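Hi everyone, thanks for making time today. Please have a look at the model on the screen, and then I'll walk you through a few of its side chains.

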Amino acid sequence: KMSERLKNYPDPLDVVQRHGADAVRMYLCNSPVVRAEPLRFKEEGVRDVVREVFLPWYNAYRFLVQETHRYEAGGAGTFDPALSD
């Protein structure tokens with residue numbers, strides 16, 4: 001149980017500033033709160049969402065952009081994902 005008087009939870013604004021609103025949102029969407037069950041909010045859970053979900057997505061996006069630039073710099077034309085070889 002989170003208590004404002006006991007301060008037994010991290011400041012939500014600090015967590016959002018450190019990890020981002022999307023990470024907090026995804027943590028809450030995957031938490032027992034969605035099923036109306038109690039939740040012990042832990043910043044480590046938000047950090048795990050960043051590490052296990054957002055970083056792999058970001059790395060895949062970065063890889064795609066890097067390879068697209070390499071493809072275009074090689075003189076093969078503009079990358080168009082709709083075209084198939």
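Let's begin with Leu64, which lies in helix H3. By helix I mean a DSSP run of H or I with at least four residues, numbered from the N terminus. Before going on, a word on where this comes from: this is a predicted model, where local features need pLDDT of at least 70, side-chain atom pairs count only at pLDDT 80 or more, and totals for chains, interfaces and linings use all residues. Residues are numbered from 1 along each chain as its sequence is written, and side-chain values use heavy atoms, with hydrogens and water left out.

Back to Leu64: at 46% relative accessibility, Leu64 counts as partly exposed. On that scale, buried is under 20% relative accessible area, exposed is over 50%, and partly exposed is in between, using a 1.4 Å probe and protein chains only.

Now for the inside. Which residues of helix H2 are buried? In H2, residues 21–29, they are Ala23, Val24 and Tyr27. They sit on the same side of H2, because they cover an arc of only 100° around the axis, taken from the directions from the helix axis to the C-beta atoms. These buried residues pack against helix H1 (12–19) and helix H3 (43–73), with contact meaning heavy atoms within 4.5 Å.

Next, the charged pairs. A salt bridge here is a side-chain nitrogen of Lys or Arg within 4 Å of a carboxyl oxygen of Asp or Glu, and by this rule there are five salt bridges. One of them pairs Glu43 with Arg18, at 2.7 Å from N to O. That pair links distant parts of the chain, with Glu43 in helix H3 and Arg18 in helix H1, 25 residues apart. Glu43 is buried at 14%, while Arg18 is exposed at 51%.

Arg51 also bridges to Asp48, with the closest N and O atoms 3.1 Å apart. Both lie in helix H3, three residues apart, about one turn of the helix. Arg51 forms another salt bridge with Glu52, at 3.3 Å.

Terms used
Helix = DSSP H or I, 4+ residues; strand = E, 2+ residues; numbered from the N terminus.
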